Amino acid sequence: MPAFSHTYSTTIDAPPAVVHGLVADFHEWRAWSPWEDLDPDLHRVYDGAGVGASYAWSGNKKAGEGSMTFTSITPEQVVVDLEFLKPFKASNVVTFDLAPAGEGTRVAWTMAGQRNLAFAVLGKLFFDKAIGRDFTKGLASLKAAAEAA
């Protein structure tokens, strides 16, 4: 199966610890995740804190259904296993790399995984552009939330 990886980045005028706090706690994702506003009635289930903590959601057709689990958390990086169940099944790894940039933080948000051949073609035509829009929106919201903190 073909592999894919997409990375989007921005610089945030806030210390790495502030940005880390927004990324390494699923409860904080409501402040910046580009998918939180897809369904006003989104059902969320949180479990635990730190490595091993999980967040599951289910919602309308736009929001779909899935779960995320923190698999690694360091001051410089947060890694999440992402499982989509609906509207299609997929397993991906999401990584947030945080690096000091002057008095701020450089954030690189990456999603990587494997696609079957059909999804590899559809990905290049549709999904990759949608991921780019979502990540760009999410990084702008993360920047606004961190800079307001």
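Predicted model: local features only at pLDDT ≥ 70, side-chain atom pairs only at ≥ 80, totals over all residues.

A pair of aromatic rings is described by the distance of the centres and the angle of the planes. The structure holds 16 aromatic pairs. One of them joins tryptophan 32 and tryptophan 109, with 5.6 Å centre to centre and 80 degrees between the planes, an edge-to-face arrangement. Tryptophan 32 sits in the loop between helix 1 (16–23) and strand 2 (43–47), and tryptophan 109 belongs to strand 7 (residues 104–114), so this contact ties together parts 77 residues apart in sequence.

How accessible are these residues? Tryptophan 32 is buried, at a relative accessible area of 1%, and tryptophan 109 also counts as buried, at 1%.

Tryptophan 109 also pairs with tryptophan 35: because the planes stand at 75 degrees, with centres 5.9 Å apart, the pair is edge-to-face. It links distant parts of the chain, 74 residues apart, with tryptophan 35 in the loop between helix 1 and strand 2 and tryptophan 109 in strand 7. Tryptophan 35 counts as partly exposed, at 32% relative accessibility.

Let me turn to strand 3, residues 54–58. Its covered face carries Tyr55 and Trp57, whereas Ser54, Ala56 and Ser58 lie on the uncovered one. Strand 3 pairs with strand 2 in the antiparallel sense, over five bridges, and tyrosine 55 in strand 3 stands opposite tyrosine 46. In the hairpin of these two strands, which has six residues between them, glycine 48 takes a positive phi near 80 degrees.

Strand 3 also runs antiparallel to strand 4 (residues 65–73), joined by five bridges. Here serine 54 stands opposite threonine 69 in strand 4.

Key
Residues numbered from 1 in each chain as written. Heavy atoms only, no water. Phe/Tyr/Trp six-rings, centres within 6.5 Å; stacked < 30°, edge-to-face > 60°. Helix = DSSP H or I, 4+ residues; strand = E, 2+ residues; numbered from the N terminus. Buried < 20%, exposed > 50% of the residue type's maximum accessible area, 1.4 Å probe, protein only. Pairing = 2+ DSSP bridges.
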